[in-house]
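Biologist: I would like to learn how to read a few features of a protein model. Could we take them one at a time?

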Amino acid sequence: MNPINSFLIRYRVRKVALTPRRITKRLSDVEIDRPLFLLGVQGGGLTILAKCFQRLQNTCFVHGNADSWDAADNEMHVCETSKKLPKEFSFHTNDFYPPNLSTNFYRYWTYATNDSLPHFRIENPGKISEESLNGFREYIKAIIRAHAKDLNACRFIDKSQLYTINIPLIRAALKGTSPYFAIFGRNPYGSVPRTAKNYFLNPDKHGFDMSYEDALRLCAEHWNNTFATALSDCDGSDDSLIMRIEDFFANPAVFCRKICDFAELDYSDDMVPAQGQKHTIYEQMARRWYPITQSSTEAALASLSETEISIVNAVCGETMKRMGYELR
């Protein structure tokens with residue numbers, strides 16, 4: 001890699017602190033306008049979807065804008081390490097780890113199990129200090145100031161999965177900015193076994209010492225609590241949209257257009273993965289773009305055991321039906 005590219009890559013992730021706009025633009029003069037939160041679980045297909053929206057010229061995310069659209073470090077809660085981001089909104093400044101699921105891997109699928117949810121879900125945002133709420137607002141403003149192409153016309157987007165179980169907290173912090181929440185399910189018959197095998201029991205990831213059945217049950221709890229909580233928080237609210245990521249893979253253009261219509265963004269054909277789109281020097285997770293390929297999560301649906309089906313049905317069944325998935 002040439003020295004200029006190396007410098008630009010390092011600068012991009014530090015730009016919030018280093019941007020020259022700090023001299024010319026006060027945070028109090030930066031507006032947050034209808035931020036869009038793409039929500040779900042890790043491994044839920046959000047990376048490729050976020051890249052679609054990062055291609056729009058009037059959006060920005062935690063570490064970039066359309067000039068770095070194919071960067072995948074686009075989640076505030078794990079990619080932003082600044083201590084200025086309050087602990088309620090972060091996995092870096094929040095030092096709590098579930099005692100029975102302690103892991104340094106960004107608490108991957110461990111923060112919404114039955115035992116963990118009360119520690120990471122903010123049931124009453126009214127009890128959160130104004131300092132924390134304001135700290136979250138100020139940090140989004142700092143991101144916009146650093147990365148917006150046009151400071152007067154920029155929409156912030158984020159895909160922090162932690163916020164899926166904390167929609168009321170985000171609403172409280174961003175009151176007056178008209179935030180939008182788009183929640184994307186992924187079939188737990190595929191994602192629960194995948195996570196149990198590839199993350200919970202993988203010694204290179206979590207490496208938890210438990211049986212496969214116990215891992216399945218905990219992952220099922222995480223999936224169920226994530227979406228049951230989001231469904232409850234969004235019930236009757238016009239600031240939220242519930243979709244299934246499988247429909248994106250079936251027809252990306254229709255899927256993205258529906259989100260744009262919901263979030264008051266201008267749809268562009270160029271936001272959909274297609275041949276010939278030029279990548280940037282920041283390219284990450286290149287396989288999660290074009291051509292769109294079937295993931296291991298979808299492939300797992302063809303080889304489910306009776307035990308896997310039974311545990312997913314018992315834990316996730318009612319929420320699955322509410323999300324539009326058929327039970328086996």
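Predicted model: local features only at pLDDT ≥ 70, side-chain atom pairs only at ≥ 80, totals over all residues.

Biologist: Is W109 buried or exposed?

Modeller: W109 counts as buried, because its relative accessibility is 0% and the cut-off for buried is under 20%.

Biologist: Now the helices. How is a packed pair described?

Modeller: Two packed helices are described by the angle between their axes and the distance between the axes. Take helix α9 (residues 188–200) and helix α10 (residues 212–234): their axes are 9 Å apart, and the packing angle is about 125°. The pair is therefore oblique. The crossing of α9 past α10 is right-handed.

Biologist: Which residues make the contact of α9 with α10?

Modeller: On the α9 side they are P188, S191, V192, P193, T195, A196, K197 and F200. On the α10 side they are Y212, A215, L216, L218, C219, A220 and W223. By class, the contact of α9 with α10 holds 12 nonpolar residues, two polar and one charged.

Biologist: What is the angle between α10 and α14?

Modeller: Their axes cross at roughly 0° and come within 9 Å. So α10 and α14 are roughly parallel. Contact residues of α10 include Y212, L216, W223, F227 and L231, and those of α14 include I311, V315, M320 and M323. The contact of α10 with α14 has 12 nonpolar, four polar and five charged residues.

Biologist: How should I read a nonpolar core?

Modeller: In soluble globular proteins, nonpolar side chains tend to be buried together. Here the largest nonpolar core has 102 residues. Those with the most contacts inside this core are L36, F37, L49, F53, M76 and F136. Helix α10 gives the most to the core, with 10 residues.

Biologist: Which residues does F53 touch?

Modeller: Not counting residues up to four places away in sequence, F53 touches L36, L38, T59, I157, C256, I259, C260, L265 and M271.

Biologist: Where does Y325 lie, and is Y325 buried or exposed?

Modeller: Y325 is in the segment after α14 (306–323). With a relative accessibility of 6%, Y325 counts as buried.

Biologist: Which residues is Y325 in contact with?

Modeller: Leaving aside neighbours within four places in sequence, Y325 is in contact with G185, R186, N187, W223, R244, E246 and M320. Of these contacts, W223 belongs to α10 and M320 to α14. The C-alpha atoms of Y325 and I245 are separated by 12 Å, while the two residues are 80 residues apart along the chain.

Methods. Residues numbered from 1 in each chain as written. Heavy atoms only, no water. Axes fitted to C-alpha atoms, helices over the stretch in contact; angles between N-to-C directions. Helix = DSSP H or I, 4+ residues; strand = E, 2+ residues; numbered from the N terminus. Parallel < 35°, antiparallel > 145°, perpendicular 65-115°, else oblique. Left-handed = near helix turned anticlockwise from the far one by under 90°. Contact = heavy atoms within 4.5 Å. Nonpolar A, V, L, I, M, F, W, Y, C, P; charged D, E, K, R; others polar. Core = buried A, V, L, I, M, F, W, Y, C linked by side-chain atoms within 4.5 Å. Buried < 20%, exposed > 50% of the residue type's maximum accessible area, 1.4 Å probe, protein only.
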